[in-house]
Amino acid sequence: MKTKLQHFLRSAGFASCLASIASILVGLLVGLILLFAFNAPFAMHGFRQILTAGLASLDKLAKVLYQSAPLIMTGLSVGFAFKTGLFNIGASGQYTVGAFCALVTVIQFQLPWYLGLLAAMVGGAIWGAIPGLFKARFNVNEVITSIMFNWIGLFAVNLSLNNMPMMLANYWGAINKDRTAALAQANPGGMIPKAGLDELMHSNYMNISIFIAVAIAILCWVILSKTTFGYELKACGYNRNASIYAGINARRNIVLSMVIAGALSGIGGGIYYLSGTAQYTLVKTLLPMGFNGIPTALLASSHPLGTIFSALFISYIQVGGDAMQPEFVKEIIDIIIAAIIYLAAFALLMRSLIGKLFRPKGGGMADKQEQATQAKSIEQEAQNA
């Protein structure tokens, strides 16, 4: 029992979890200092709102779950690419294209919500495949191409919606023509089902999207952890040259990784805009949900199951940030999140420090033997794969 406990305390998963918790605690401390600096008399009140507002009522909890569903998807998108050695900073563009495909499917063609989500997945996958192909065929940095495709996707979507009268709100009798049509008017069957959850939690935010997102996160974990395909993807991320030498098709895996990452972001866009609550607005700025997937993935150390909890946490404190008004501006919560993520970016260093903390004294030789055993098992796994 003692040996198992020691092994657990020295495991990478335990160190990653502690590193994330440490990042959160220090980030909240920075937030408390900022609250005192901006409005000292209300600082503790604002901090209590951050910590408790998300659970203050069923309606607030419903909003936390509603916002976390697309955040889980974009976090999975960024984290999946991270696991394979790629930085998918194009999640925002994939999210936007996915949202567009979903809305066109359910409003323009009057199809049901599940076909809208399927279209969102395909749209995001195509938008993710293009940077993947450039990376695989021409070794063009995926960060550059995916940033470019963020803007191309945004303006292509806005241009398309402007030339599709049925997609705009004023076609259905609304005054504001800069928004997509409300699904409740355009196609009630295009809304993600609420399954009675809205009545249970007394909130229009609530639907089954959170369960869809959690199920997809579990599926991603199974793919990455329990399949040969997932092992090959991670092998390319750890050492591409070694994986090629071992006979793994690295080019194919790069493209597939970006296709899957794009599909996940696309589903996130579909989930958010098929809820019946949010409407797409024709603006000239990138949607933040795609970029919010980066801190979500960092805080979870790119672990698919960890992404669920990191997305719930970020959504929770965002709801708390909304509750701090009017005593504090909403942007303070963004600073707190930024501080947490800044620390999470140093998770590797923090994991190393935590690992040394739990490493027993005089365990140098034992560590070397354990590393040799792990290396041997990895080599055996590679040969079997």
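**Entry 1: the largest cavity**

I looked up the volume of the largest cavity and found about 40 Å³. The model is a predicted one, in which local features need pLDDT of at least 70 and side-chain atom pairs count only at pLDDT 80 or more, while totals for chains, interfaces and linings use all residues. Residues are numbered from 1 along each chain as its sequence is written, and side-chain values use heavy atoms, with hydrogens and water left out.

I noted the terms: on a 1 Å grid over the protein atoms alone, a cavity is a set of points where a 1.4 Å probe fits but cannot get out, a pocket is an open set with protein on both sides within 12 Å along at least five of seven lines, and lining residues have an atom within 4 Å of a point. A volume is the space filled by probe spheres set on the points, which are joined across faces, edges and corners.

The structure holds 1 cavity of 30 Å³ or more. I listed the lining of the largest cavity as Gly-75, Leu-76, Gly-79, Phe-80, Cys-220, Leu-224, Ser-302, Pro-304 and Thr-307. Two or more of these residues come from each of α4, α10 (209–226) and α15; helices are DSSP runs of H or I with at least four residues, numbered from the N terminus. The largest share, 4 residues, belongs to α4. I sorted the lining into 5 nonpolar, 4 polar and no charged residues (Ala, Val, Leu, Ile, Met, Phe, Trp, Tyr, Cys and Pro count as nonpolar, Asp, Glu, Lys and Arg as charged, and the others, Gly among them, as polar).

**Entry 2: α4 against α10**

I next examined how α4 lies against α10. Their axes come within 8 Å and cross at roughly 15 degrees (axes are lines fitted to C-alpha atoms, for helices over the stretch in contact, and angles run from 0 to 180 degrees between N-to-C directions). The two helices are therefore roughly parallel to each other, the term for angles under 35 degrees. The crossing of α4 and α10 is left-handed, the near helix being turned anticlockwise from the far one by less than a right angle.

For the contact (heavy atoms within 4.5 Å), I recorded residues including Leu-76 and Phe-80 of α4 and Cys-220 and Leu-224 of α10. By class, the contact residues divide into 13 nonpolar, 2 polar and 1 charged.

**Entry 3: α4 against α14**

I then turned to α14. The axes of α4 and α14 come within 7 Å and cross at roughly 65 degrees. That makes α4 roughly perpendicular to α14, the class for 65 to 115 degrees. Their crossing is right-handed, which is the clockwise case. Among the contact residues I noted Gln-67, Gly-75 and Gly-79 of α4 and Met-289 of α14. This contact has 8 nonpolar, 8 polar and no charged residues.

**Entry 4: the second largest pocket**

I found about 640 Å³ of space in the second largest pocket. Of its 24 lining residues, Gln-67, Tyr-272, Pro-288, Met-289 and Lys-330 lie nearest its centre. The elements that give two or more residues to this lining are α4 (58–83), α13 (250–273), α14 (288–299), α15 (304–323) and α16 (331–344). I noted that α4 gives the largest share, 4 residues. By class, the lining has 12 nonpolar, 6 polar and 6 charged residues.

**Entry 5: Cys-101**

Lastly, I located Cys-101 in helix α5 (residues 91–108). Cys-101 and Ala-120 are 19 residues apart in sequence and 5.1 Å apart in space, C-alpha to C-alpha. Leaving aside residues up to four places away in sequence, Cys-101 touches Ala-119, Ala-120 and Gly-123.

Terms used. Parallel < 35°, antiparallel > 145°, perpendicular 65-115°, else oblique.
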